[in-house]
Structures are given as structure tokens and as C-alpha cells.
Amino acid sequence: MTRRADRAILWYELAGYFRGSLPFRFIPLIPAGIFLAAWTWRIASPFAAVIWIVFIGLEPRINNMFYGSVRELEALSLFPSEWKRIIIMKNGSTALVGIWALVLVSAVCLYFSPEAVTVRQIEDAVLYLMTICFPVLSLGNEASSRYPRRDAGAFSGGLYDPLWMSLTLLAVSVPYFIITELVEIPWLGLIYSAATAASWYFRSVARTAVQITNRRNVLWMKTGTSSNS
């Protein structure tokens, strides 16, 4: 029953994303990515622009994961699964959507890059993604439980949400630059990535499950909703 429920959540998340309006966030972002990839290629990897575009495009799924629709949190409260498993499936579906977006945005943006992408740049981009992925998900879990937004439209947050995600990316990128530029021991990035993954699984997921349970109870008191759990 648990595995079936997990698969149902994952399928619901993926299908709901592509049926909704959130993919349209990438339409105005991709031209910006093309410009940045061509403009920064002398001073930074072209993947820097691609990764920035992907995370800005996924911001609602990262920082507002309980409101893909207006009543999603209440609907999930009736789902026969633990909140911890729901959060893991939601984070996992965001990672899968992120891989899809990364491939798509890379294909479009890097097509216009003045130079061909090197193997070293690909390796650096993969290591960078590994070091920032779980910190961003952990911060997104916290934001989703503390500051949820019922308005789930593709462009509902205006400029504030992309700016906040950009600042988040800068903050979580610091360890990568310390490891690769100051210490110059790239394999430490693998250890750091494993540590952040463990922190996400054992701390962030459990903490968010407790927070969202408390918020759910308050929501029920206000709306008069009851639960079968």
C-alpha cells in the first residue's frame, strides 16, 4: 500500500506539473538564458546561466510545494500516506522535472554559445549541481511549510520570488567555490554533497513533516475540515 501510494503521489506530481501553467515560466526565461550563456562564456561556464534559469523556473515547486493548486494542502491531508513520504516524493518529482528542464534549457541555450562545451565544463556543472541540490531542497521545504502561497500561478510572485531564489543560489554556492577555487580539492564536493543529502533526508524532511502537520491542524480548525488519519 505504501509503495502504491508513493507511486500515486509521484505520478500526480509529474502529471500535474505538465498539465498546469508552471512550465510556461520557462518561456520568458529561456531568452534570458541564451543571452547570459553567450555573454558570460569568457568569464564563467555557460552552464551557470542554464542552472540559474532552471532553478528560477522551478521556484514555485521548490519554495511552495504544498500549493501546486489552491486546495492541494487540504487534499493531501486526506491522502493515505505519511507526510515524510509525501515530502520525499514531492522533492523527488521536482528533481525529475529539474532534469527535464536542465536538458531542455541546455539544448536551447548552449546552441547559441560562441564555443563548444568541454567535458571539463560538464564535470564542473555536475559537481556544482550535486553541491547545491539538497541545500536548495532543504531551504525550499522550510519555505513551503512556513510561508506557503495559495496563489499557484506561473507568474504569481512577480520579481520577488526569482530574486529570492537567486539570492538562495548565491548562498548555497559558497561551499562549491571554497572547495574548487580556494581549497582546490574537487572530490571534497562529493563528500559535501553526501553530507547535505543526509541532512536533507534525516533533518529537513522530518522537520518539514512536523511543521506541515502543525499548520494542517490549524488549517482544519479554521476551515472546519476533518481528517481520516
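This is a predicted model: local features need pLDDT of at least 70, side-chain atom pairs count only at pLDDT 80 or more; totals for chains, interfaces and linings use all residues.
Biologist: How are helices α7 and α8 oriented to each other: parallel, antiparallel, perpendicular or oblique?

Modeller: Two packed helices are described by the angle between their axes and the distance between the axes. Here α7 (residues 119-146) and α8 (residues 160-183) pack at about 140°, with axes 9 Å apart. Only angles over 145 degrees count as roughly antiparallel. The pair is therefore oblique.

Biologist: How many residues of the contact of α7 with α8 are nonpolar?

Modeller: On the α7 side the contact includes L127, Y128 and I132, and on the α8 side it includes L169, V172 and Y176. The residues of this contact comprise 1 charged, 4 polar and, for the group you asked about, 9 nonpolar.

Biologist: Which residue forms a salt bridge with E72?

Modeller: Side chains of opposite charge can pair when their charged atoms come close. In this case the closest N and O atoms are 2.6 Å apart, and the partner of E72 is K90. E72 lies in helix α5 and its partner in helix α6, so the pair ties together parts 18 residues apart in sequence. The residue you want is K90.

Biologist: Is D161 buried or exposed?

Modeller: D161 meets R149 in a salt bridge of 3.7 Å, N to O. R149 counts as partly exposed because its relative accessibility is 21%. Buried means under 20% relative accessible area. D161 has 6%, so D161 is buried.

Biologist: How many salt bridges does a search of the whole structure find?

Modeller: Among them is the one between E142 and R146. There is also a network linking E13, R61, E72 and K90. For the whole structure, the search finds 8.

How values were computed
Residues are numbered from 1 along each chain as its sequence is written. Side-chain values use heavy atoms; hydrogens and water are left out. Axes are lines fitted to C-alpha atoms, for helices over the stretch in contact, and angles run from 0 to 180 degrees between N-to-C directions. Helices (H or I, at least four residues) and strands (E, at least two) are DSSP runs, numbered from the N terminus. Angles under 35 degrees count as roughly parallel, over 145 as roughly antiparallel, 65 to 115 as roughly perpendicular and the rest as oblique. Contact means heavy atoms within 4.5 Å. Ala, Val, Leu, Ile, Met, Phe, Trp, Tyr, Cys and Pro count as nonpolar, Asp, Glu, Lys and Arg as charged, and the others, Gly among them, as polar. A salt bridge is a side-chain nitrogen of Lys or Arg within 4 Å of a carboxyl oxygen of Asp or Glu. Buried means under 20% relative accessible area, exposed over 50%, partly exposed in between (1.4 Å probe, protein chains only).
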